[in-house]
Amino acid sequence: MKSRSWQSADVYWGVAGAVLLVVLWEGAVRAFDLPAYILPGILEILVSMVDLQSTLMDATWMTVMEAVSGYVIGSACGILLAVILTLIPTLKRWCLPAAIAINSVPVVAYAPLVLLWFGMGAESKIVMVSLAVGFTVFLSALTGLDQANRKSIDLLRSFGANPLMIIWRLKLPAALPLIASAMRVSTTRSMIVAIVTEMLGAYGGLGWVIYQATLQIDFVQVWAAIFAASLVSLIFFGAVSMIERKVIFWR
Amino acid sequence: MTSTHALSDLPRAALRGVLGVAIVGLIWEALVWALNVPSHTMPRPSQMASAVAATPDAYLSGFLRTLVETLIGFAAGAIVGIGNGVLFSKFTRLRQMVFPLFVVSQTIPVIAFGALVVLWFGNTMLAKSVIAFYLTFFPVTVNTLVGLQAVNPKQEALLRSFGASRWQMLIRLQLPTALPQIFVALRLASTLSLVGAIVGEWFGDTTGLGVLLLQAMYNENMVGLWAAILASALLGTTFYGLMALIERTCVFWRNDL
């Protein structure tokens, strides 16, 4: 399925779709003479992105640092926690329902609390991103670690492997596809959470730029920041997908 | 994995969850009390309960308001998502042209749109539901499409040989086959739609759980903030649990859920 989705016809029609959207967008703006606060033209947004180059670069850099730091910390904690719970099944039986319950709480609800606890700086954003990413990765890793073949586990055990070795040699590789897909989904989520938290209170970053621009009713700038954020999210998503394909070569 | 096992597992897991929450609450209360943590750092659960009891109307109306926004956004997202999935599976060209755009649209931080959506739709409940909808429709579209593409071609051929129309094929075979996948997305969407509603309220409103969260933050009212978080938690877990329950009832033939 994956390889089929990259056939040249798909790429061709995908590009056609994108071009059509751009033409429709620009055409609608020009035809109906839409004011910028409803929808600015794409050209206008691109020009403003060039004009605001330095502001946008600084803000993007800050948001990316926060998102990536939180992403790395969250993924590491999530996987580690899943491994620990797999090693101690009793603990897992008690923790799993609680974890699922906590995961169904909207993560943004914690944002005001984290801001009060960790301040307006980058720390609060990193904490929020690691929370959001950590839970997603943790739940997927836990499911994945359970998927190893029963017979293979017995075989390894008959060779005298201890539980830690079974996890390292068998369960973790078996869980890798699920962990990787959770980490792929988490890339865009980490950017979104960083930006949301910045909008609630920050000294810089894309969310802050968007918030300021909204206050100044400068909607072209809002769109410029949205474009920058989407571009970076796409690059982040693409990079992680590429690493995924390299690491999980057997898929 | 027998079905009796899966069914008997549900109440037990729920019980364990409730017990877990109760134990966590007790330990929390005891720890804060024993370590003498000031309530502006970490309030006790009993303080939160009394905060809610002091102004029950604010929490109740906020809860209901956010619930309605979430449900409208969720329902719209589910219907449009399933519709998109069906359309994409029937019209390959449409999928090739539009689906990549959908993928890109999901990398856009929705929240950045918040201000715009409020501007477009006014400061109404609809604006919040639109944000909830935007977060919801994509996972449902993807899973519907994946589920529909997994239909056994032999079964399709069999139904066609009986003279089934395209509509009958869809209702009798394709959608039921895709149902387990669709429900996985709906469960995820239940949480996402709540996120959309809460964040939507941040762009200006007077009632709702998101408003309560924001007001408590600006007033540095830690007790109120926690009460609002727990109210959101209650809404989120209940909605998610209900979706899981409906899933079990509707997709009864799958017992490995």
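Which residue, just after helix 1 of chain A, takes a positive phi? It is A:Asp33, with a phi of about 55 degrees. Before I go on, please keep in mind that this is a predicted model, in which local features need pLDDT of at least 70 and side-chain atom pairs count only at pLDDT 80 or more, while totals for chains, interfaces and linings use all residues. Residues are numbered from 1 along each chain as its sequence is written, and chains are lettered from A and ligands numbered from 1 in the order in which they are written.

Let me stay with that helix for a moment. Helices here are DSSP runs of H or I with at least four residues, strands are runs of E with at least two, and both are numbered from the N terminus. Helix 1 of chain A covers residues 8-31, and its 24 residues should span 34 Å at 1.5 Å a residue, which agrees with the 34 Å between its end C-alpha atoms; the expected span is 1.5 Å times one less than the number of residues. Its buried residues are A:Trp13, A:Gly14 and A:Gly17, where buried means that 20 or more other C-beta atoms lie within 10 Å of the residue's own, exposed means 12 or fewer, and partly exposed is in between, with C-beta atoms placed from the backbone. Those buried residues pack against helix 4 of chain B.

That brings me to the interface. The contact, meaning residues whose C-beta atoms, placed from the backbone, lie within 7 Å, takes 40 residues from chain A and 39 residues from chain B. On the chain B side, the largest share, 9 residues, comes from helix 4. That side divides into 27 nonpolar, 9 polar and 3 charged residues, counting Ala, Val, Leu, Ile, Met, Phe, Trp, Tyr, Cys and Pro as nonpolar, Asp, Glu, Lys and Arg as charged, and the others, Gly among them, as polar.

Now to chain B as a whole. Its secondary structure comes to 10 helices and 0 strands, and its C-alpha atoms fill a box of roughly 75 × 50 × 30 Å along the principal axes. Of its 257 residues, 40% count as buried, and among contacts between residues at least 6 apart in sequence, 77% join residues at least 24 apart.

UniProt, in an unreviewed entry, places the feature "transmembrane region" at several spans of chain B, including residues 67-87 and 223-246; such annotations may be inferred rather than shown by experiment. In the model, residues 67-87 of chain B are 100% helix, with end C-alpha atoms 30 Å apart, and residues 223-246 of chain B are also 100% helix, with end C-alpha atoms 35 Å apart.

B:Gln47 sits in helix 2 of chain B, residues 45-54, and counts as partly exposed because it has 17 C-beta neighbours inside 10 Å. Leaving aside neighbours within four places in sequence, B:Gln47 is in contact with B:Ser39 and B:Val223. B:Gln47 and B:Ala227 are 180 residues apart in sequence, yet 8.9 Å apart in space, C-alpha to C-alpha.

Finally, a helix pair. The axes of helix 7 (residues 153-161) and helix 8 of chain B come within 11 Å and cross at roughly 145 degrees, the axes being lines fitted to C-alpha atoms over the stretch in contact, with angles from 0 to 180 degrees between N-to-C directions. The contact is made by B:Gln155, B:Glu156 and B:Leu159 of helix 7 and B:Met169, B:Arg172 and B:Leu173 of helix 8.

Note on methods. Two residues are in contact if their C-beta atoms, placed from the backbone, lie within 7 Å.
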